[in-house]
Amino acid sequence: TSSLQGAKKRLLQTALTHSSSELRASSLKLLNTIGLPLGKETEVAMQKSVQVAIDQKANTDKRNDAIHFLSLENPSKYESVLKKLIAPNEPKAIQANALRTLSTIPGEGVSHFILEKWSSLTPNLRDAAINTFMASEKRIKLLLDGLESGVIDQESIGWPRSVGLMAQANEALRNRSRTLLTKKDNERSTI
């Protein structure tokens with residue numbers, strides 16, 4: 001196991017500092033599979049990643065790698081940092097990556113956050129945001145609540161996701177989806 005820990009430490013260094021984005025990405029994928037090294041190195045690497053992620057002067061690829069690296073541990077520790085990255089002054093790629101990482105945090109916190117921020121999200125980010133709702137039945141319920149209240153417009157969901165919502169296993173959510181997602185079609189046919 002000491003050789004595995006050594007390999008993990010080398011991958012950690014490569015993931016954070018190598019000049020090649022391909023090698024950084026490959027190292028991140030391997031660390032995601034085999035786990036982070038135990039010890040102080042990981043803690044220091046996480047703190048360094050937070051600093052890189054929030055540094056607006058840093059290279060966007062390196063910032064995205066840092067955000068991805070935060071997802072390898074428990075990303076709920078970095079929830080407030082990730083939420084701050086979903087802002088109009090951040091590049092779209094940074095916002096989308098922060099949103100994906102937030103989505104890995106268990107529970108419905110990300111869904112409530114998205115509903116609050118919906119009006120300020122760009123169309124591309126809205127598409128990524130809808131994906132975060134699809135992770136669990138509780139999140140889907142919040143998506144349907146957002147549709148019903150008018151916070152989220154039906155067009156943002158898109159046809160493939162609408163079909164998935166209307167064909168899901170949970171009967172109550174399936175029926176509610178069918179009612180909400182066919183409502184506009186029914187209203188159009190009566191005009």
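This is a predicted model: local features need pLDDT of at least 70, side-chain atom pairs count only at pLDDT 80 or more; totals for chains, interfaces and linings use all residues.
Residues are numbered from 1 along each chain as its sequence is written, and side-chain values use heavy atoms, with hydrogens and water left out.

The protein chain contains 11 helices and 0 strands, where helices (H or I, at least four residues) and strands (E, at least two) are DSSP runs numbered from the N terminus. Along its principal axes, the C-alpha trace spans about 70 × 35 × 25 Å. Of the 191 residues, 42% count as buried, a term that stands for under 20% relative accessible area, with exposed meaning over 50% and partly exposed in between, for a 1.4 Å probe and protein chains only. Among the contacts with a separation of 6 or more, 56% are between residues 24 or more positions apart, contact being defined as heavy atoms within 4.5 Å.

Two packed helices are described by the angle between their axes and the distance between the axes. For helix α7 (residues 109-117) and helix α9 (residues 137-149), the axes come within 9 Å and cross at roughly 15°; the axes are lines fitted to C-alpha atoms, for helices over the stretch in contact, and the angles run from 0 to 180 degrees between N-to-C directions. That angle makes α7 roughly parallel to α9, since angles under 35 degrees count as roughly parallel, over 145 as roughly antiparallel, 65 to 115 as roughly perpendicular and the rest as oblique.

Which residues of α7 and α9 meet? From α7 come Val-110, Ser-111, His-112 and Leu-115, and from α9 come Arg-139, Leu-142 and Gly-146. By class, this contact has 3 nonpolar, 3 polar and 1 charged residues; Ala, Val, Leu, Ile, Met, Phe, Trp, Tyr, Cys and Pro count as nonpolar, Asp, Glu, Lys and Arg as charged, and the others, Gly among them, as polar.

Within α7, the residues Val-110, Ser-111, Phe-113, Ile-114 and Leu-115 are buried, and their cover includes α5 (79-84), α6, α8 (123-133) and α9. Helix α6 (residues 92-103) holds Ser-103, which counts as buried because its relative accessibility is 17%. Leaving aside residues up to four places away in sequence, Ser-103 touches Val-110, Thr-132 and Arg-139.
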